[in-house]
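Please read them with the structure open.

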Amino acid sequence: MTQSLTIDIYSDVMCPWCLIGYGQLTKALEQLDGEIEAQIRWRPFELNPDMPTEGEGQEAHLQRKYGRSAEQGAQVRGQMKQVADSAGVSLSYEGDEDPAPDAMMWNTRDAHKLLGFALEQAGPKVQTELKLALFKAHFNQRRRIGDRETLLDIAADVGLHREAAKAALDDDDLEARVIAEERQAWDLNISGVPAMIVEGKFMIPGAQAPDVYVNALRRVAEKSRASA
């Protein structure tokens, strides 16, 4: 009999390892088909909560934040692309503009509010569709994820009511819930993402290989059955 597990993924739209981790988790769940199924919910974690509205060039941001050179940055991007390819996801620009728009970093508070709205109003499946659409918009299309009109366009594309989504962006209570969930992440000692919390208490940190997820989810399933 297939066992259902809930997986809460703390992540940020700007985080390439979060997309990679999801790709690896998806491969793991394919291996577990018929054995374990997952209900995935996305939880907020802002890597750069103080990012200004106008954003910042990605390379300049990473050089400033991590003190690495342009050459080191290119090396890291190359390694990351290889891992992403093996996970079945893409971090590459796939648009039509030539030259490609600059890769940017944006403030993601509004994106997290929309994700919270999607979960509350439409459920985990649509929330995941929105999360993946935001990843695609950021990494593959290089759209302005910090811009509200852009976010509303993306929300409408996954079937969310545009005016309701617009109201959600102005909802102070929703913003308070996002902030509370981010504080909860720190209470759980989450200082980097992705971080996956299975069944509300078992943490899998970082973007792991599929086999790591397979083994971890099987152990959680066994513990859940034993305590039932």
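1. R142 sits in the loop that joins α5 to α6 (148–157). In this predicted model, its phi is near 55°, a positive value in a residue that is not glycine. Most residues other than glycine have a negative phi. The relative accessibility of R142 is 28%, so R142 counts as partly exposed, since buried would require a value under 20% and exposed a value over 50%.

2. N189 also deserves a look. Its phi is near 65°, again positive in a residue other than glycine. N189 belongs to the loop between α8 and β5. With a relative accessible area of 68%, N189 is exposed.

3. P99 is placed in the loop between α3 and β4 (104–105). Most peptide bonds are trans.

4. On the overall fold, the protein chain contains nine helices and six strands. Its radius of gyration is 18 Å, close to the 17 Å that the globule rule gives for 228 residues, so the chain is as compact as a globular protein of that length. The C-alpha trace spans about 55 × 45 × 35 Å along its principal axes. Of the contacts with a separation of 6 or more, 76% are between residues 24 or more positions apart.

5. How much of the chain is buried? The share is 46% of the 228 residues. The accessible surface of the protein chain is about 11,700 Å², and carbon and sulfur atoms account for 47% of that surface. As for charge, there are 26 positive and 37 negative side chains, and the centres of these two sets are 4 Å apart.

6. The largest nonpolar core has 38 residues. Those with the most contacts inside this core are I7, I9, L25, I40, I190 and L217. At least two core residues come from each of β1 (3–11), α1 (16–31), β2, α3 (70–87), α5 (124–140), β5 (195–198) and α9 (210–227). Helix α1 gives the most to this core, with seven residues. Apart from this core lies another, of 26 residues, including L115, L134, I145 and L160.

7. Setting aside residues up to four places away in sequence, I190 touches Y10, F45, A185, A195, I197 and M203. I190 is also one of the residues with the most contacts inside the largest nonpolar core.

8. A38 is part of strand β2 (residues 36–44). Is A38 buried or partly exposed? Its relative accessible area is 30%, so A38 is partly exposed, as buried means under 20% and exposed means over 50%. Beyond its neighbours within four places in sequence, A38 is in contact with L5, I7 and L29. The C-alpha atoms of A38 and T6 are 5.6 Å apart, although these two residues are 32 positions apart in sequence.

9. Helix α9 holds both S224 and A226. S224 is buried, with a relative accessible area of 17%, whereas A226 is exposed at 68% relative accessibility. Not counting residues up to four places away in sequence, S224 touches Q3, L5 and E199. A226 and A155 are 71 residues apart along the chain, and their C-alpha atoms are separated by 41 Å.

10. Q58 is in helix α2 (residues 58–66). Its relative accessibility is 18%, so Q58 counts as buried, the limit being under 20%. With residues up to four places away in sequence left out, the contacts of Q58 are R77, A103, M104 and M105.

Note on methods
Residues are numbered from 1 along each chain as its sequence is written. This is a predicted model: local features need pLDDT of at least 70, side-chain atom pairs count only at pLDDT 80 or more; totals for chains, interfaces and linings use all residues. Side-chain values use heavy atoms; hydrogens and water are left out. Helices (H or I, at least four residues) and strands (E, at least two) are DSSP runs, numbered from the N terminus. The radius of gyration is taken over C-alpha atoms; the globule rule is 2.2 Å times the number of residues to the power 0.38. Buried means under 20% relative accessible area, exposed over 50%, partly exposed in between (1.4 Å probe, protein chains only). Contact means heavy atoms within 4.5 Å. Accessible areas come from the Shrake-Rupley method with a 1.4 Å probe; for residues, only the protein chains shown count as cover. Lys and Arg count as positive and Asp and Glu as negative; His and the chain ends are not counted. The place of a charge is taken as NZ of Lys, CZ of Arg, CG of Asp or CD of Glu. A nonpolar core is a set of buried Ala, Val, Leu, Ile, Met, Phe, Trp, Tyr and Cys residues joined through side-chain atoms within 4.5 Å.
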